[in-house]
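Here's a quick walk through some local features, with the cut-offs spelled out along the way. Have the viewer open as you read.

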Amino acid sequence: MIVNYFPVYDFSEKELIELNENLSLALNISELIAIKNYYRSEKRKASDVELHTFSQLWSEHCYHKTFKSKIVFNNEEIDGLFKSYIEKATKELNKEWCLKVFEDNAGIIEFDEEYAIAVKVETHNHPTALDPFSGAHTGVGGIYRDIIGVGARPIATMDYLFFAYPTLDYNNLPPDAYHPKIMLKRVVAGIADYGNKVGIPTVNGCVQFHNSYLRNPLVFVGSVGILPKNKYVRNPKPGHKMLLVGGKTGRDGIKGASFASISITKTTGVKYYAAVQIGNPIEEKKIIEGIIRARDHPKGPLYSLVTDLGGGGLAVAVCESFRNLGAEISLDKIPLKHLDMDPWEIWISESQERMLLAVPEENLEEIKRIFDEEDCEATVIGEVNDSKRVVIKQGESVVGNLSLDFLFSNPPKLTLNAFLASNNQNLSINEQKLIKLDYNQVLLSLTSDPNIASKEWIIRQYDHEVGARTIIKPLQGLNLDAPGDAAVLKPLYHSWKGIVISNGGNPNYSIDPYRMALSAIDEAIRNNVSCGGRRIALLDNFSWGNPMIKEELAKLVLACKACYDGAKGYDAPFISGKDSLYNEYIEGNERHEIVPTLMITAIGIIPDVRKSVTMDFKRSGNYVYILGFTSDELGGSLFYRKFGIDGGEVPNVNPERAKIIYEKVIKAIDRGLVKSCHDCSEGGLSVAIAEMCIGGNCGVEIDLSKVPTNLNKPYKILFSESNSRLIVEVAQGYEKEFEFAIRGIPFAKIGYVTSEKRLVFSMEDEKIIDLELSDIIKAYKTSIV
Amino acid sequence: MRPKCLVLRAAGTNCDLETAEAIKIAGGDPEILHINVLIKGEKKLDDYQMLVIPGGFSYADSISAGKILSNILKNNLKHQLKKFIDEGKPVLGVCNGFQALIKSGFLPFSNEVNQSASLIINKNGLFIDTWVYLKINPKSICLLTKNSPNVIYLPINHGEGRFVCNKKELEKIFESNQVVYLYSSINGIVDEAYNPNGSVMNIAAITNEYGNVFGIMPHPEKFVIKYQHPNWTRFPNLKEEGDGLFIYSNAVKLAKKFC
């Protein structure tokens, strides 16, 4: 129970840096000087409780310094990436259905007149790198608390996972790294354990492989919730009591927020041994039920504020929640796991399954009765006031007393430099490798690539049914083994209206970060549209390397510019997002950065879930259409990667044109003209059609010469990954009606579904691919672990 | 008169909302209640005409699935529940509810209230989410599955659903037709190939000696409307009602007798 005090007002720069090191504060020198000046003006020593408060609140993880910094990019000056691109697009689009965006724990948009949807996606990369099970486990726990943190009931989980190739030879595995197979299995086990136990279905996701993720696996987790609009409250008043609900506070998860803001080295595991939290899903379930009951109480919500204890623990939750008011908190009231914890540890512990509520005194008894009935501890730990200060007490002694204005106004803004040499060198493609291709073998090798191959063994470990709201499920087709484009949920038992959840992102396109980001947006929207989603809201989640490196930062700038252009072009605002930086491993003088990775989540709605569409071919004799134009865009494609070809054009997007394609498809879907619809992405149109055949347990005859394109080489048509393309199945006799509905966009009838279980792709009467369905299925079901 | 149906939950129960919805569609009046209210005596089982213990991970499935909940049923509510069952009121345990009824001994023999069977970790060691076909035992004495179609289709979502039983008791439940559903093919062929979790003799659901207590691992409440079927987009002619609904309708009908 020791509190240490430091006369920082007198410290030299060297002493400040030493202090920063000794306490692992992860602050930079200008921040340390600002702190020194603060104590000079208050004429007193700094307590360790206070110093850790700065460390947590000003960490990259909590404050997002990089996205707020001034950036000089080539000759351009950018006043904050978030403000200049992400938020700007949302503000300009100014949608009345965006109810709360970029303000609270989760983005909130309208669902119908009575209800709203809450969505949040986060990463849990750093903890997962150290402990894959617990990292993923608590990542899921954290995301549900963000949803319940706006008073919504979580009803869906999403997970986007990135690992090194599971085929990595054990002999090449560095001694201190997890093998990607083990990493993948433990991460999946962690997600399944948490999601299944809390009883929230995992309905959408992706798993991608790239060797840059060896030391830095990426785990994105998301959740969607639903809440009655009139039950949203955030109105704490002086005199309201602070109620801490859920689990006890312990030493697990100390300095998680600072840890999430640094690069990983050999010693990270030792230094931040306590940074990974330990999850308890049932504790979380109790909190959810307790908060929903308090929310739906006949008197109206019993609380005036509810928030999650995440990164930075109580320190961040208390300071952020009452930043315009003031608060006094008694650390000795907090139920502890470890009784000998020092005050600073209690204050910043990130022990899981805890939430903070503000409760008017007259509701205190009733809300405590509810939590008691749920077997969930609820303790009054302090009071809201209007002092504009946060006062932290241990017994009678004050161990921290900070100005909230200073805490929130003053992390000195950085100016960062970004630079990228223009990439004009036209990499000539060595087509030597591509003559006399055995196209059958190529298609089989693409479908068996871990990026494409079946993820059924993962999806079946996740409960995707619980809640009975999952109308379009992740596995589709006759044998329920084909990959769906999006999930459709019917959140209310009394309404047919649905939520459509999809994602997009392909880090292999990061050779052109601008196009990569636009492609991610297009893919997420395209997947959504395939199932019937519209009125789309977007979430951006960046996982990047070290932003202090000019090139990495420049790539970030370019991706953010694309986010702005994409949001504007598709008329789809960003409603929430998060960045995870410093995803790199430093080994001596060598930096291993991850490839820049942007995941876009798209949340659409569908007026009637009974109109939703799946991707499996439905009936032989039906026609197969391709919508959209196929260009010479194989840069970063799976096909080029298979053949070790660098260069080439990364798929581009014209959002305005793409938007028209999607609007027309939605019209056709609403008229019931679309029997199945699947997006063309990795592997191009050949893989998309193969997947539809797997779903339909049928064959297909395709004439490649009909495809709208300016290409003539079969491999380019088959494997180009041009964006904004969809494969659509139309019933016999409805071609005219369908073609009328989509008139004005590039499209072609390219073939038909057959009952013979063969996939035949020809070009000017020459058979290019002729494969048994069973061979495709065998390739697709190649085990990736 | 809609019978009052208790949906009993505990910490970690997570199928209570859709269970209440299924009861509502079936014509019952559901009330979701925490078991602590019964333990404290603020309400009694007697206030209800039907009991459903829904799925989930009660008390985290610590020790083993449904074990702690089964101890509470035995230690705190044994007499109430015994009386409820003896009166002939319908009791339905789904997934975690089934696990709790088996481990507390109310199934398969509610007369004895001794555990004689169990539901253990799936043969593959993993949680499984998939859809299964279930063949009815046409001679089953279960009152909740009267007029069952020969084969029904429902999802399973469990990690510990492998039914095991002593030989003597196994013979007894087969002899007395307490076995209700067996995992099967779409055509009702019962074979190890269609057994998702390694259950002995493909057993998926059983009833007690009176037929009013029904335990089932698959989830009837998750298929009460057509659009919950995993392949409704392929089969436009599916009937509007899901395969699981009739179980709730039977239960509610039986419960009405006690109104």
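A:Ser724 sits in the loop between α24 (714–719) and β33 (726–730) of chain A; helices here are DSSP runs of H or I with at least four residues, strands are runs of E with at least two, and both are numbered from the N terminus. Its phi is positive, about 60°, although A:Ser724 is not a glycine. Most residues other than glycine have a negative phi, and most peptide bonds are trans. A:Ser724 counts as buried because its relative accessibility is 9%, where buried means under 20% relative accessible area, exposed over 50% and partly exposed in between, with a 1.4 Å probe and protein chains only.

## Ground rules

This is a predicted model, in which local features need pLDDT of at least 70 and side-chain atom pairs count only at pLDDT 80 or more, while totals for chains, interfaces and linings use all residues. Residues are numbered from 1 along each chain as its sequence is written, chains are lettered from A and ligands numbered from 1 in the order in which they are written, and side-chain values use heavy atoms, with hydrogens and water left out.

A:Phe102 is another non-glycine residue with a positive phi, about 55°. You'll find A:Phe102 in the loop between β5 (98–100) and β6 (107–110) of chain A, and at 25% relative accessible area A:Phe102 is partly exposed.

Over in chain B, the peptide bond joining B:Leu107 and B:Pro108 is cis, with omega about -5°. B:Pro108 belongs to the loop between α5 (96–104) and β5 (117–120) of chain B.

## Two buried loop residues

A:Ser637 lies in the loop between β30 (623–627) and α21 (638–642) of chain A, and its 1% relative accessibility makes it buried. A polar atom of the A:Ser637 side chain is 3.1 Å from the backbone nitrogen of A:Tyr640. Leaving aside neighbours within four places in sequence, A:Ser637 is in contact (heavy atoms within 4.5 Å) with A:Phe719 and A:Glu721.

A:Trp544 is in the loop between β25 (534–543) and α20 (550–570) of chain A, and A:Trp544 too counts as buried, at 1% relative accessibility. A polar atom of its side chain lies 3.0 Å from the backbone oxygen of A:Glu552.

## Helices

Helix α23 (residues 684–696) of chain A has 13 residues and spans 19 Å from first C-alpha to last, close to the 18 Å expected at 1.5 Å a residue; the expected span is 1.5 Å times one less than the number of residues. α23(A) is largely enclosed by the rest of the structure, because 13 of its 13 residues are buried. A:Asn697 follows α23(A), with a positive phi near 50°.

Helices α17 (residues 439–447) and α26 (residues 773–780) of chain A pack at about 35° with axes 7 Å apart; axes are lines fitted to C-alpha atoms, for helices over the stretch in contact, and angles run from 0 to 180 degrees between N-to-C directions. On the α17(A) side the contact has A:Leu443, A:Leu444 and A:Thr447, which meet A:Asp775, A:Ile776, A:Ala779 and A:Tyr780 of α26(A).

Key: A polar contact is a pair of N or O atoms within 3.5 Å; within protein, one must be able to donate a hydrogen and the other to accept it, and residues adjacent in sequence count only if both atoms are side-chain atoms.
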